[in-house]
Amino acid sequence: MKKLANKVAVITGASKGIGAGIAKSLAAEGASVVVNYSSSKEGADKVVAEIESNGGKAIAVQGNVSDLADIARLFAETTKAFGPVDILVNNAGVYKFGGIEQLTAEEFHTQFDTNVLGLLLATQGAVKTFNENGGSIINIGSVVSAIAPIGSSIYTATKGAVDAITHVLSKELGPKKIRVNSINPGMVETEGTHAAGFIGSDFQTEQERTAPLGRIGQPEDIGLLAVFLASEDSRWLTGETLLAGGGVR
């Protein structure tokens, strides 16, 4: 029997990259998956089609995670299609690097609204739909909260907040049988890292040089960890932040 059979999972920001990898991995283990997206309907539909072609169940639901009305609609459509939620993956996130001289209030709010407020609102929405058996919340942080790279002050601050929220909510939601953990990836090859120019750059070369495992990550590397944290295999884990950067720390 598949590890996530009869489970319902919502993955925010799942139209591409790490989120898409997680959605496919959870579906492969039997979960009915909701592929949330903000703007890329084409990407979300492609993920759903791939899941369905492999015998899984999935729907795509548009919604901005920092918008309370969109969150309410996301979980209403989820429960209508599949029933109560068992797994939430808070993956939606944005990033932009730049020195302190380039910092703007607009960029601060853009990153914090999605990476922090969006995570909190999505969690709030999910908690309302978990049943008495509880469930698993998986936050996607980043190794930046440990290594603090130059030029990442806003982004690192958001991911430091994710670490803190993970610890707080693990204590707050434990009595409801809801586990809260975080996966903190290092550099992963995605559409975003290609578009940002990281792939093929000196930055990638340096990451591969310093990583004990000698390579950058792939979305499926994170997907496998998400399956572990979503399943009964990790039933005794909560409040953990798993560094997933090939040994970079």
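**Helices that pack together**

Visitor: At what angle do helix 1 and helix 9 pack, and how far apart are their axes?
Guide: Helices (H or I, at least four residues) and strands (E, at least two) are DSSP runs, numbered from the N terminus. An axis is a line fitted to C-alpha atoms, for helices over the stretch in contact, and angles run from 0 to 180 degrees between N-to-C directions. For helix 1 and helix 9 (residues 219–230), the packing angle is about 50° and the axes are apart by 8 Å.

Visitor: What kind of model am I looking at?
Guide: Residues are numbered from 1 along each chain as its sequence is written, and side-chain values use heavy atoms, with hydrogens and water left out. Local features need pLDDT of at least 70, side-chain atom pairs count only at pLDDT 80 or more, and totals for chains, interfaces and linings use all residues, and what you see is a predicted model.

Visitor: Back to helix 1 and helix 9, then: which word describes how they are arranged?
Guide: They pack at an angle of about 50°. Angles under 35 degrees count as roughly parallel, over 145 as roughly antiparallel, 65 to 115 as roughly perpendicular and the rest as oblique. The angle therefore makes helix 1, relative to helix 9, oblique.

Visitor: Which residues of helix 9 does helix 1 meet?
Guide: Contact means heavy atoms within 4.5 Å. From helix 1 come Gly17, Ile18, Gly21, Ile22, Ser25 and Leu26, and they meet, in helix 9, Pro219, Ile222, Gly223, Leu224, Ala226, Val227 and Ala230.

Visitor: How do the residues of that contact divide by class?
Guide: Ala, Val, Leu, Ile, Met, Phe, Trp, Tyr, Cys and Pro count as nonpolar, Asp, Glu, Lys and Arg as charged, and the others, Gly among them, as polar. For the contact of helix 1 with helix 9, the division is 9 nonpolar, 4 polar and no charged.

Visitor: And how do helix 1 and helix 2 lie?
Guide: Helix 1 (residues 17–28) and helix 2 (residues 41–53) have axes 10 Å apart and pack at an angle of about 20°. That angle means helix 1 is, relative to helix 2, roughly parallel.

Visitor: Which residues of helix 2 make the contact with helix 1?
Guide: Helix 1 brings Ala20, Ala23, Lys24 and Ala27. The contact residues of this pair include 5 nonpolar and 2 charged, with no polar. From helix 2 come Val47, Glu50 and Ile51.

**Pocket and cavity**

Visitor: What volume does the largest pocket have?
Guide: On a 1 Å grid over the protein atoms alone, a cavity is a set of points where a 1.4 Å probe fits but cannot get out, and a pocket is an open set with protein on both sides within 12 Å along at least five of seven lines; lining residues have an atom within 4 Å of a point. Grid points are joined across faces, edges and corners, and a volume is the space filled by probe spheres set on the points. For the largest pocket, that volume is about 1,100 Å³.

Visitor: Which residues lie nearest the centre of the largest pocket?
Guide: By class, its lining has 20 nonpolar, 20 polar and 2 charged residues. The largest pocket is lined by 42 residues, and those nearest its centre are Gly93, Val94, Tyr95, Tyr155 and Thr190.

Visitor: Which residues line the largest cavity?
Guide: The largest cavity has a volume of about 30 Å³. Helix 4 (105–127) and helix 6 each supply at least two residues of its lining. The lining residues are Asn90, Ala92, Asn115, Leu119, Ile140, Lys159 and Val162.

Visitor: What phi does Ala148 have?
Guide: Most residues other than glycine have a negative phi. Ala148 lies in the loop between helix 5 and helix 6. Although Ala148 is not a glycine, its phi is positive, at about 50°.
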